[in-house]
Amino acid sequence: MPHTPPTTVEPAQVREFREADPQVRLIDVRTPGEFAATHIPGSYNVPLDLLREHRAELTAQHGDPVVLVCASGARAEQARALLETAGLDRISVLRGGITGWEGEGGDLDRGRGTWAMERQVRLVAGLLVLTGVVASTAYEPLKWISGFVGAGLTFAALSNTCAMSRVLGLLPHNRTAATDGRALLDALTGGKDGSRTAG
C-alpha cells in the first residue's frame, strides 16, 4: 500500500493491500449488532458512535494503513472525517462497504446479529409513514407524522447524516454484551501489541 493511500478503495484493492501488507487494519464502524451478523474476516469493530464519543482523545500509536468499512460507505466516510484530526494519515474507505465487498465475491463471516442499519431505518420510517396515513383517517392532523418523517429523510439525504440511525443504534438489539470501549479503540489506534485485541 502506498504511503498516502486513496481516500476510497475498491474491494479488489483491499484484498491486494492485505496480501501485500499484513499490517493493514480493517475497521468496521457499524453497530456491534450489525458486525455480529456479518463482517469481513479479520476486521475489527470500532463503532462510529464510540469514535464520536472519544474523538477528542484519539491518537494513533502506529503508522499502519487503515481501511474503514460500513454497510454502504456513508458511515465510514463520517468516521474518516473524524479520524483525519487524530494523526491517522493512511485512512481509506471501502467503496460500497459490506454490500460492495459481497457483490464482488468477497468472503464474509456470518453470525447471529441484527439487520443492517439502513434496513432498520427503512422499516421504522415506513411504519411511521403508514401509521400516519392510516391514523389520519380517524384524526386528520396525524397526517403530519408522515410529513415529519419525510422531512427527516430529506434532511438526512442532504446532510449525509441520519438521526434515526443514531437513535436505533442505542437500542439493545444493536448492541452486544458490554464491551470495553478502550479495547475496541485500541484495534484502531493502538500499537502492535494492542492492535489485534478487538473484533
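**Figure 1. Overview of the predicted model.** The protein's secondary structure comes to nine helices and seven strands (DSSP runs: helices are H or I with at least four residues, strands are E with at least two, numbered from the N terminus). This is a predicted model, in which local features need pLDDT of at least 70 and side-chain atom pairs pLDDT 80 or more, while totals for chains, interfaces and linings use all residues. Residues are numbered from 1 along each chain as its sequence is written, and side-chain values use heavy atoms, without hydrogens and water. Of the 199 residues, 44% are buried (under 20% relative accessible area; exposed is over 50%, partly exposed in between; 1.4 Å probe, protein chains only).

**Figure 2. The salt bridge between Glu10 and Arg95.** The structure holds nine salt bridges (a side-chain nitrogen of Lys or Arg within 4 Å of a carboxyl oxygen of Asp or Glu). In this one, the closest N and O atoms of Glu10 and Arg95 are 2.5 Å apart. Glu10 sits in the loop between strand 1 (8-9) and helix 1 (11-20), and Arg95 in the loop between strand 6 (91-94) and helix 5 (97-103), so the pair ties together parts 85 residues apart in sequence. Glu10 is partly exposed at 28% relative accessibility. Arg95 is partly exposed at 45%.

**Figure 3. The salt bridge between Arg75 and Glu34.** The closest N and O atoms of this pair are 2.8 Å apart. Arg75 belongs to helix 4 (residues 74-83) and Glu34 to helix 2 (residues 32-37), 41 residues apart. Both residues are buried.

**Figure 4. A salt-bridge network around Arg80.** Glu84 pairs with Arg80, with the closest N and O atoms 2.7 Å apart. Shared partners join Glu77, Arg80 and Glu84 into one network. Glu84 is exposed at 52% relative accessibility, whereas Arg80 is buried at 17%.

**Figure 5. Surroundings of Thr38.** Thr38 is found in strand 3 (residues 38-39). Its relative accessibility is 14%, so Thr38 counts as buried. Beyond neighbours within four places in sequence, Thr38 is in contact with Arg30, Leu108, Asp109 and Arg110 (heavy atoms within 4.5 Å).

**Figure 6. Lining of the second largest pocket.** Residues including Leu128, Phe148, Phe155 and Met164 line this pocket. Helix 7 (143-159) and helix 8 (163-168) each supply at least two lining residues. Helix 7 gives the most, with seven. The lining divides into 10 nonpolar, two polar and no charged residues (Ala, Val, Leu, Ile, Met, Phe, Trp, Tyr, Cys and Pro are nonpolar; Asp, Glu, Lys and Arg charged; the others, Gly among them, polar). A pocket is an open set of points on a 1 Å grid over the protein atoms alone, where a 1.4 Å probe fits, with protein on both sides within 12 Å along at least five of seven lines; lining residues have an atom within 4 Å of a point.
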